[in-house]
Every structure is written in C-alpha cells, then in structure tokens.
Amino acid sequence: MKDHAALSEAFNKDEQRVNWHDETLWWVRQKRDKASHQIPDWEELREAASQIKHNVLSDLGNYLEQFEKQAINNGISVHWAADAKEHNDIVHGILKRHGITQMVKSKSMLTEECHLNHFLEEQGINVVDSDLGELIVQLAKEPPSHIVLPCIHKKKEEIGDIFHEHLGSEKGESDPQILTETARIHLRNTFLTRRAALTGVNFAVAETGEFVVCTNEGNADMGAHLSDVHIASMGIEKLIPQRKHLSVFLRLLTRSATGQPITTYSSHFKRPRPGQEMHIVLVDNGRSIQLGREDFRNSLKCIRCGACMNTCPVYRRSGGHSYHTAVAGPIGSILAPNLDMKQYADLPFASTLCGSCTNVCPVKIDIHDQLYKWRQVIIKEGYGDKKKATAMQAMAYTLSSPKVYRIAGKAGRLVMKYAPFAVNNSLNPWYKQRDMPEPPKESFGEWYKKNRS
Amino acid sequence: MRVGLFIPCYVDQFYPNAAIATLELLEKLGVEVGYPARQTCCGQPMANSGYEHLTDGCNELFVDNFAEYEYVVSPSGSCTLHIKEHLHTHNDEQKALGIRKKIYELTEFLTDILKIEKLDASFPHRVGLHQSCHGQRGLKLAQMTELTANPFSKPVTLLNMVKGVEIVPLNRPDECCGFGGTFCVAEEAVSAKMGKDRVADHIQNGAEYITAADLSCLMHMEGILRRLKSPVKVIHIAEILNGVKETVV
C-alpha cells in the first residue's frame, strides 16, 4: 500500500497537470475569499457556528434522542448503525424488504466512508449516483477526489471520453453544456424508474426531527420526491439544536465551499408524503471514539464544505487520491487516523502545518494543531518509520549537548565545504530539486566569541 | 533592558550574517544583548516529526540559558512560535511559562516593544516579502488573507522605514513555501513543487531579493533559486533593516 508521499510523487510526474489542479482549486479558494470578505461579521459567524457545534457535541446523546423522538413523531423510521457494516446492512435490508434492486443516490460522503456502492453491488443492487461529479467518478470506477467537487481531478476532455464510452455522447465532445445535457437525459430516465432514493444529510434539527439536504443540482429532491422509499444516511455529528441555527450554517456552508451565497437547493425533509416511506440511518462509525478523544473532538464539528482542501497547498499539489481515504485533505488527515491509525499513519505528516486550513474553516476546527497532535500520538503508538526514529534520537542527542552540537556543526560545515558530493547526491532527497546552502567559514557562535566576548 | 538573543541552530550554522545583523541592529537601538553560549535548538525538528517526547534536553537547555533575561528575541518566527507553544521543564514550569510570554520574534520586538519609528538603512532594490506561515498565522506578524479583518504587517511597516526598498506585489501573498521541517525530505515531490511555485511568483513579479523573517523558508527557496541558476537572492529581513554592508563572514 503506497503512502501519501509515494502517491503524490506519482501525481507530480506531470507538472503541467499539477499546475492545472493547483490553479483550479486556488480559483475556488479565491471565490471563497471574495464571498466571505463581503460579510463584515464573517469571523463572528464562524465563532457562532463553532459554539453551536460545541454545544451539540457536549450533549450529543440527548440531542440524538430528541431528534429520534421528533422524527418518529413525524412518521420517519429511525435506525441506529454502530459502524459502516451495520449501515450498509440496514440500507440493504430496507431495499430487500421492498424487493428493490435499483437505487438512485445523491451526494453522501458518509456512503463513501462506508463503501456502500461496492457493498450493494455485491448484493446485486444497482446504484446510480445522481450528483454529476459523483456520476462521473462512478462511471470512471474511481473514488471521489474531493468532498464537494468529486471529479475536480478530471479535465473536461477526459469527462467527454467517459461519457462517450458510457452514455453515448459524440466522440471528442468536451463542451460542458452538451456533456451536462447528456448526463441529464441519462439521469432523467433513472429518476423516473427508481423506486428507492438515498440522500445524505447536511443538517438534522433536533428540535423538529427534520433534516436539510443542500445541493446545487436539485438531484436529491428529484430522487427523493419520485421515490417510494427515501433513505437518508447521516453521521451522528450532523445535528444542530434548533431550526434557527440554520441561519448561521447555511450562510457559512456554500460561501466556504464554492463562494456561492447559498446552495441552489436547501431542502427540508420532515415527513414522508402519503404512501412514501422515509428512513434515517444514524451512523456512528468511530465518531463516539473521536468524541472521547479530547484533543480531536473538535474535528466532529466539520460541515464538509471542503474549504480546507481548496486552500491547502499540499492538497492542491498532490490530488485527493493521494490521501487514500474517502475524505481527503487536511480534515481527512485528522479524521482518518481515528478510524485506523496504522493505515492512515502517513496522513498527519502530509502537511507543512502552515495553518491556512484552520483559518478558512467555517466552524473553526484547529486543524493544523490537531495534525501536530496526531503526529505525537502516532509516534507514541509505534506507527512511525523506524529509520526516522533512529535519526530523531541522534538529532535529539546532538541538540541536547552544546558541546556535541558545536563539534557536529563544524564537522557538518566542513563536509559541505570540502566534500559537497557527500550531501549533494541523489540519496539526499533535498538535493533532487534543490541545492544545499553555501557553508560559511564560521558559525555565529564562533564569530561571537571572537568579536564580542 | 536586557535581552537574550536566541539564534536557532541552522541560523547559527548556515546563516551567521543574519544573526550578526540581528545583534548589531539591537545594539544600535540601545538594547543590552546577551548571547548565552550554551544554546542549541528550540526542539522543533523533533517535535514536528512527532517526537516531542525527545525534546526534554533542548527544553532544559533553553530554560537554563534564557530564564534570567527580561526578553528573549530571535530572528525566526517559526522557532519563536515553537517555544511559545511548547516549552516545558521538569524543574520549574513557571520559568518555562515565563519564557513563553517574554519571547519575541525580531520584527514584532521592534514594532511592539521597542516601538521604533525610523531606521538608518537603505536598500535600493525590488524586494519580495515571503510571509512565513508560523510568523504570520502563528505569531500574527501580519494579517492573513483567509480572514475578514483589517490588513496590517509588522515586517512591511519596518521595510517601509528603509530607504529605497520597493516591495513587489505577489499573486499569492501568504502561501507556504513547502519547507515544513522534515516534510521537505519526507514529502520531497510536493515540497519542492511548492518551493518552485513560490519562487516563480517572486520572479514573475520582478523581485531582485526575497526576504522573510524566517531563514528556514529562505533556505528552501534559496535551494530552488540556485538550482534554477536564478540571479534572484534571498536575504533575511534583519540584514535589510540593519543596512546591508560587505559580507562579514
């Protein structure tokens, strides 16, 4: 299994493509800046959102029970899933009971986290993703590379090729308008023939038992309104106490994500229409464990806007797939080690700790501080690189003794001066694309001794 | 006012001129500067790699060396931030907490404590200012483009006091250079690409020099510039503020 460094090295083989990826996402970051800078009380809004989520996390059990009670009163069936497998089994069970073998699904990162599509396909159930970006990566048999912009790693010409192969568009067609029309016609038929629709949940209101789904394409609404069975999958951290709190979160979500004032559709689902069944699956899948980790608890405030990815200079230059997890980028790097510390031991290190992620986060998660803290946990738990541990011990030994430090410094500068080949070689990763500094003839300490003391 | 001068390990070893400029500048401004000879490193290289538990030796040395001073000043935002956030000691934690409160990065010490309003220096060049992340987002030396807040910049305030300095605008005024400590070798491909992109921004905008309040970023960008055989040079901000002379060392 390749780690982030190896996967991003492969991504960087094509520098022009890296430039394109970087500039595309930087453009989204700039749109976010333009939208947020127009709101004079933006920073207060972030603080309010952060505090509301803090309140939710501090009393999550009670809010969940309140939500369940209200939802049941509204006529919704509520299911509890401890992990991904239970979630998938619950969804499968509902479909099986209705004899349904085809389902349309709108955007849900939770189902990516649970690998639902793969599971249902194994059970003989066909799933069509109705979000345009999700549909593209589904046809390409790839995971999404970004939580808001799933196919941001694909150029329009490549999408044209995928549509030509799967949806019968003209060969070489890359006009976005025409390709969108092609997808629309394909999806229209899907919407009309599917009896079951699965949607994600952006916000669930404890007070009323309703949930809110935000999309730009209206695909969640189309799927849900035409279906006999509507299943909504949500992580247990998606709760907000009251409906009025949406006035904070809906202002923040899309400005942070894409720079739009609000999603085209912010749809409230409260009760099934007559004859329809509505289900909510409340999924834990590690969230309770994360809630118990004091240093990392705040990560559960995340509203999945993707702003931290767009601003991250590492994400922009390594691509979402290099994070080898459903939620990529800085937020994914603090969420994934909670699920599997060994498999995702590399992710907290895939950062320069520049802190830009923390500054754009609409719910003020201290992302870069948590990356630093995960590094300490991962090393202490023994998931670090053994060679690096030896080097670190040698470094700590040298820097803990002024005498050893002075000797090593002098020796180091001598080596660089008289034997630059010893450091300027291909075994030194620094030297692959960068020269070493010119060694001075004396250190500051040596100069100071001569000139001041 | 007695100030303890903290010169981080790699500045001591590779960039003595920046350290000399820092010392001379503080002395010119009437500050009594002490340089404890037994200093080494703030411990950040280990800590950022997940080995904060190996930094006890560095921490104890740091406390022993600097506890007695009224202020501690360092020409590095990154090392200053590390001490501010992570310095501990087993012997006397109050001493460590005291140092965390009284350590300043050079430019903030000049603007916030000495409150200087003029400098006797000239540097008639086009200069690109690299906003090092830890200084900017950690110590808040300058406003951050992500936030909806009034702009300010302590390094720019100081550079504007130097005759002849022309600060070039950048397309991305506060993007990371990709150094990141051991990140620069562990994630070589992304790190070098970030460095190349950062340097290109300065070159495209006509900088003759790239300056910063952190030499780690400058060392990274210098490595890239030299590989590109670019005439653009890096220079620590202390050297500009002190008035660049002939190379001392």
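Me: What makes the 4 strands of chain B an open sheet, and how do they pair?

Reply: The order is β6-β5-β7-β8 in chain B, an open sheet of 4 strands with parallel pairing. β6 (166-167) and β8 (233-236) of chain B stand at the edges with a single partner strand each, so one side of each has no neighbour in the sheet. This is a predicted model, in which local features need pLDDT of at least 70 and side-chain atom pairs count only at pLDDT 80 or more, while totals for chains, interfaces and linings use all residues. Residues are numbered from 1 along each chain as its sequence is written, and chains are lettered from A and ligands numbered from 1 in the order in which they are written.

Me: How do you know that β5(B) and β6(B) are paired?

Reply: Strands pair if DSSP finds at least two bridges between them. Strand β5 (residues 126-129) of chain B has 2 bridges to β6(B), and the two run parallel, so the pair meets the rule. One position to look at is Val127(B), whose bridge partner in β6(B) is Ile167(B). Helix α12 (residues 215-227) of chain B packs on this sheet, where it touches β7 (209-212) and β8 of chain B. Its direction makes about 170 degrees with that of β8(B), on a scale from 0 to 180 degrees between N-to-C directions, with axes fitted to C-alpha atoms, for helices over the stretch in contact.

Me: What makes a stretch count as one of the helices or strands of chain B, and how many are there?

Reply: A helix is a DSSP run of H or I with at least four residues, a strand is a run of E with at least two, and both are numbered from the N terminus. Chain B has 13 helices and 8 strands.

Me: Why is strand β6 of chain A called largely enclosed?

Reply: A residue is buried if 20 or more other C-beta atoms, placed from the backbone, lie within 10 Å of its own, exposed if 12 or fewer do, and partly exposed in between. In β6 (residues 210-215) of chain A, 5 of the 6 residues are buried, so the rest of the structure largely encloses the strand. On one side, strand β5 (residues 203-205) of chain A joins β6(A) by 3 bridges, antiparallel, and Ala204(A) stands opposite Phe211(A). β6(A) also has 5 bridges to strand β9 (residues 265-269) of chain A, again antiparallel, with Phe211(A) opposite Phe269(A). The hairpin of β5(A) and β6(A) has 4 residues between the strands, and there Gly209(A) takes a positive phi near 75 degrees.

Me: What makes helix α8 of chain A mostly covered?

Reply: Of the 8 residues of α8 (residues 132-139) of chain A, 6 are buried. They are Gly133(A), Glu134(A), Leu135(A), Ile136(A), Val137(A) and Gln138(A). The cover includes β3 (126-129), α9 (156-167) and α10 (176-193) of chain A. Just after the helix, Lys141(A) takes a positive phi of about 55 degrees.

Me: How do you know that chain B agrees with a compact globule?

Reply: The globule rule is 2.2 Å times the number of residues to the power 0.38, with the radius of gyration taken over C-alpha atoms. For 249 residues a compact globule would be near 18 Å, and chain B has 17 Å, which agrees. Its C-alpha trace spans about 50 × 45 × 45 Å along the principal axes, and 59% of its 249 residues are buried.

Me: What makes domain 1 and domain 2 of chain B touch?

Reply: The bounds, 2-113 for domain 1 and 126-242 for domain 2, come from an automatic or database domain assignment. Residues are in contact if their C-beta atoms, placed from the backbone, lie within 7 Å. By that rule, 26 residues of domain 1 of chain B contact 23 residues of domain 2 of chain B. On the domain 1 side, α2(B) gives the most, with 6 residues. That side has 12 nonpolar, 11 polar and 3 charged residues. Here Ala, Val, Leu, Ile, Met, Phe, Trp, Tyr, Cys and Pro count as nonpolar, Asp, Glu, Lys and Arg as charged, and the others, Gly among them, as polar.

Me: Which residues make up the contact of chain A with chain B, by number and class?

Reply: Chain A gives 60 residues and chain B gives 59. The largest share of the chain A side, 6 residues, comes from helix α19 (residues 386-399) of chain A. By class, the chain A side has 29 nonpolar, 19 polar and 12 charged residues.

Note on methods:
Contact = placed C-beta atoms within 7 Å.
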